[in-house]
Amino acid sequence: MAAPGENLRINPDRLWDSLMEMAKIGPGVAGGNNRQTLTDADGEGRHLFKRWCDAAGLETGIDKMGTMFARREGTDPNALPVYVGSHLDTQPTGGKYDGVLGVLAGLEVIRTLNDLGLKTKHPVVVTNWTNEEGARFAPAMLASGVFAGVHTLDYAYSRKDPDGKTFGDELKRVGWLGDEEVGARKMHAYFEYHIEQGPILEAQNKQIGVVTHGQGLWWLEFTLVGKEAHTGSTPMNMRVNAGLAMARIFEMVQKVAMDNQPGAVGGVGQVKFSPNSRNVLPGTVIFTVDIRSPEQAKLDRMRAAIETEAARIAKELGVGCSVEAVGHFDPVTFDPTLVARVRAAAEKLGYSHMNIISGAGHDACWTARVAPSTMVMCPCVDGLSHNEAEDISKEWAAAGCDVLFHAVAETAEIVE
């Protein structure tokens, strides 16, 4: 298997310029991006990506989830492709790099292969997965989930945004509904390059995160039902306070996560009060608990403890309590051969690196079910992500893309 020489690098200026050009589409209000999936801005970003793929000589296919696959042919028509990619959709107040870096770095890998006149035995395919973020249509990683057989196409099409619009209708509206069966493609391997979305790499002064595992996750949506009442005139001992139950559950979730250290996190990021009036005790409170761990037993233990203790808290206060699991994936162990290849590329190129566990979910977590998969990570400033202030340096972006290039090229097998 031929590998590229250690002197070969991607074009850092071209990669950075592409990131900045894409960031002009769907600008946020504070320097980041609001390019939520299947919005007009998402459609515009897809068109730009498609034009770049056309210019690079790639053939782009689109499946029934709107996922884009831009293919560079290999020399062996029977060899399965090496896939590389991530997502172009963003959070409502998202940054310029989350997901986008992985897609455009994949394109930069292709552009560099073209520049150097390198042929590979296996085709190389750059992928833009639809609705990775899940910000507009829950759950996250929706298209890759359908690809991996986790969700059905009908389920995906039926997902609704906060305005009641369905995923299927919006996919048709923006013009990115393809005719290719989802999951019909077979992969030789899948690589995904991403910002860390956490502070570890920067704190450890490492340029490359060699991702060995992905955390498992449960999203538990709690509905607490109390009694709406005037905050000023209802005696304290006569209240059925759903808000108080929520507060005690929040504190309990923190304790459960801390009791399961190391390798566990838990918290709440979304709360809906009803009627949400300053002088009315809430009749209903809905919130989602997010718990994660790379250890299956620990993840399951945390869920059981939280649900049991939440029921006790609610009963003590006379509050109704129900819980629904609205998101889940098991912990992922990425392919050891591909992980070793990423690590070897970082060492060959002289980049500082360390093993890391992905704290966030990524499309690679689903592709790992159907093909050998792994990830590469670069630092982000202060670990900040899902925030318009998200930031990385051109040097960090280039280093990770160099590692990606070498790992992908070796896996795709350069033909001498």
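Predicted model: local features only at pLDDT ≥ 70, side-chain atom pairs only at ≥ 80, totals over all residues.
**Entry: Ser373**

I started with Ser373 and found it in strand β16, which covers residues 373-378. Is Ser373 buried or exposed? Its relative accessibility is 1%, so I put it down as buried, since the cut-off for that is under 20%.

Next I looked up what its side chain reaches. There is a polar contact with the side chain of Thr367, at 2.9 Å. The side chain of Ser373 also gets to the backbone nitrogen of Ala368, at 3.4 Å. Leaving out residues up to four places away in sequence, I noted that Ser373 touches several others, including Tyr190, Phe334 and Leu338.

**Entry: aromatic rings**

I moved on to the rings and got 11 aromatic pairs for the structure. One of them is Phe222 with Phe287: the centres are 5.3 Å apart and the planes sit at 10 degrees, so I wrote "stacked". This pair joins distant parts of the chain, with Phe222 in strand β8 and Phe287 in strand β12, 65 residues apart. I checked burial too: Phe222 is buried at 1%, and Phe287 is buried at 1%.

Phe287 also pairs with Phe250, with centres 5.2 Å apart and planes at 80 degrees, so that one is edge-to-face. Phe250 belongs to helix α8, 37 residues from Phe287. At 27% relative accessible area, Phe250 counts as partly exposed.

I also jotted down an aromatic cluster made of Phe69, Tyr83, Trp129, Phe147 and Tyr190.

**Entry: charges over rings**

Last, I looked at arginines. Arg159 lies over the face of Tyr155, 3.8 Å from the ring centre. Arg303 has its charged end over the ring of Trp218, 4.1 Å from the centre.

Terms used
Residues numbered from 1 in each chain as written. Heavy atoms only, no water. Helix = DSSP H or I, 4+ residues; strand = E, 2+ residues; numbered from the N terminus. Buried < 20%, exposed > 50% of the residue type's maximum accessible area, 1.4 Å probe, protein only. Polar contact = N/O pair within 3.5 Å; in protein donor to acceptor, adjacent residues only side chain to side chain. Contact = heavy atoms within 4.5 Å. Phe/Tyr/Trp six-rings, centres within 6.5 Å; stacked < 30°, edge-to-face > 60°. Lys NZ or Arg CZ within 6 Å of the ring centre and 35° of its normal.
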